[in-house]
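Here's a quick briefing on one helix crossing and the disulfides of a model. Have the structure open while you read.

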Amino acid sequence: MNAKLTYRVAGLGAAAALALTGCANDSSKTSNSSESGGASGVNLPAVQTVDTPKSPVMPKGDGKAKCSNVTIGYVGAVTGDNAQLGVNIYNGIQTAINEHNQANKDCQVKFEKLDTEGSPDKAPGPVTTMANKSQVVGVVGLPFSGESNATGNIFESKGLVHITPAATLPELTTKGWKTFFRGLGNDSVQGPAAAKLMTEKLKAEKVFVVQDDSPYGVGLGGETTKALGDKQVGSDKVTTKQKDFSATVTKIMNAKPDAVFYAGYYAEASPFAQQLRAKGFKGSFVGPDGVKDNEFIKQAGLASDGAYFTCPCIPGELIKDFNDAYKKTANNAAPGTYSIEGYDAATVLLAGIDAGKTDRKSLLEWVKTYDKDGLSKHYKWDDKGELAKPDVYGYKVEGGKILPIGKI
């Protein structure tokens with residue numbers, strides 16, 4: 001995986017007071033939107049519509065499919081520090097399967113889900129269990145780059161096709177795996193987009209890059225650094241599970257950047273953003289898809305206001321039919337980061353099953369030669385499992401909500 005954020009902060013005294021009283025954790029209280037924005041007070045406007053393919057393949061197909069004892073799997077985080085990113089995908093898949101099964105009474109596809117907690121150390125167990133279930137013909141997942149890197153060989157050994165809707169580490173498609181497909185752009189696309197957002201749209205002349213120690217953070221931080229060139233004035237490394245960022249914050253304040261880019265996930269970005277704001281940082285705080293989640297707003301509170309994100313995902317909440325269907329599946333929760341990508345990935349597999357590809361070998365060949373529009377984008381993979389011409393979108397936090405600002 002998999003995201004980025006930006007905010008305009010208040011003065012040191014007010015921010016520090018908020019942090020000390022615990023108000024920074026209250027996402028119901030946000031600063032005036034006129035105080036948010038990037039370097040030089042830039043506040044990019046939200047968009048209300050999104051361009052999508054005109055005739056996408058939909059999960060229901062023609063309603064005439066016939067199949068029996070066929071299962072699609074999801075393997076990925078359902079619990080853990082960054083579980084919400086996995087839950088978004090899981091609900092997207094479930095929405096697609098629900099629509100398919102309601103329309104195809106003679107082809108009731110089952111859905112098997114196994115939790116990895118997003119951990120590279122824990123993921124091999126659930127993946128092995130899933131791969132050993134003969135009725136499972138295809139998998140959507142894993143969401144995170146580290147766990148994807150740790151399990152690709154297992155899928156490969158079983159000939160089990162899997163489409164990740166979220167893992168963005170570029171190296172994942174250099175392993176020689178023939179069963180791995182990426183349903184979004186990788187970090188070699190997202191890194192330059194993040195640099196463009198900060199330097200061209202938010203007008204930052206000086207950027208400080210912070211990356212965590214996950215494969216995702218390391219890869220994305222590196223790609224962003226390359227794209228920034230001489231606009232980068234400093235960098236620092238942090239670790240997953242870290243909660244005290246005082247040393248990094250001090251380096252940032254000494255460097256006086258216009259923008260800070262955090263390459264990692266929301267579990268660490270939240271306290272980092274709070275501590276940076278409390279110290280008096282007044283520039284743009286930008287995070288990637290791994291930070292772009294409502295959990296960041298809940299955990300960071302006031303420090304999330306004005307944050308910007310990059311994400312190779314489209315705002316599914318702007319597509320009314322999908323938004324309505326997803327809410328029915330997710331107990332009225334709106335689509336989140338990678339919800340629609342999970343939906344589309346499941347649709348690719350469901351379309352194959354409807355076409356009679358109900359064993360692992362034939363479904364793998366189906367995906368290899370797939371060349372059709374999904375609800376979010378066109379899906380056609382090269383021989384390494386990468387999509388052609390993926391887009392990266394920008395988002396911002398305003399009024400306690402994540403709002404899309406369009407393609408970067």
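A disulfide here is a pair of cysteine sulfur atoms within 2.5 Å. By that test, a search of the whole structure turns up two of them. This is a predicted model, so local features need pLDDT of at least 70 and side-chain atom pairs count only at pLDDT 80 or more, while totals for chains, interfaces and linings use all residues. Residues are numbered from 1 along each chain as its sequence is written, and side-chain values use heavy atoms, with hydrogens and water left out.

**The disulfides**

- Cys-67 is bonded to Cys-107, with an S to S distance of 2.0 Å, and the link is right-handed, with 95° about the S-S bond.
- That pair ties together distant parts of the chain, 40 residues apart: Cys-67 sits in the loop between α1 (12-21) and β1 (71-76), and Cys-107 in the loop between α2 and β2 (110-115).
- Helices (H or I, at least four residues) and strands (E, at least two) are DSSP runs, numbered from the N terminus.
- Cys-67 and Cys-107 are both buried, where buried means under 20% relative accessible area, exposed means over 50% and partly exposed is in between (1.4 Å probe, protein chains only).
- The other bond joins Cys-311 and Cys-313, whose sulfur atoms are 2.0 Å apart.
- The torsion about the S-S bond of Cys-311 and Cys-313 is about 130°, so this disulfide is right-handed.
- Cys-311 and Cys-313 are buried too.
- Number the bonded cysteines in sequence order and the pairing reads 1-2, 3-4.

**Where α2 crosses α10**

- Two packed helices are described by the angle between their axes and the distance between the axes.
- For helix α2 (residues 83-103) and helix α10 (residues 320-329), the axes come within 9 Å and cross at roughly 105°.
- That makes α2 roughly perpendicular to α10.
- Axes are lines fitted to C-alpha atoms, for helices over the stretch in contact, and angles run from 0 to 180 degrees between N-to-C directions; under 35 degrees counts as roughly parallel, over 145 as roughly antiparallel, 65 to 115 as roughly perpendicular and the rest as oblique.
- On the α2 side, Val-87, Asn-88, Asn-91, Gly-92, Gln-94, Thr-95, Asn-98 and Glu-99 meet Ala-325, Tyr-326 and Thr-329 of α10, contact meaning heavy atoms within 4.5 Å.
- The residues of this contact split into three nonpolar, seven polar and one charged; Ala, Val, Leu, Ile, Met, Phe, Trp, Tyr, Cys and Pro count as nonpolar, Asp, Glu, Lys and Arg as charged, and the others, Gly among them, as polar.

- Thr-95 of helix α2 is buried, with a relative accessible area of 1%.
- The side chains of Thr-95 and Thr-329 make a polar contact of 3.1 Å, that is, a pair of N or O atoms within 3.5 Å; within protein, one must be able to donate a hydrogen and the other to accept it, and residues adjacent in sequence count only if both atoms are side-chain atoms.
- Setting aside neighbours within four places in sequence, Thr-95 touches Ala-325, Tyr-326, Thr-329 and Tyr-343.
- Gly-92, also in helix α2, is buried at 0% relative accessible area.
- With neighbours within four places in sequence left out, Gly-92 is in contact with Tyr-326, Ser-339, Gly-342 and Tyr-343.

**Around α10**

- Phe-322, Asn-323, Ala-325 and Tyr-326 are buried in α10, and their cover includes α2 and α11 (339-354).
- After α10 comes Asn-331, with a positive phi near 55°.
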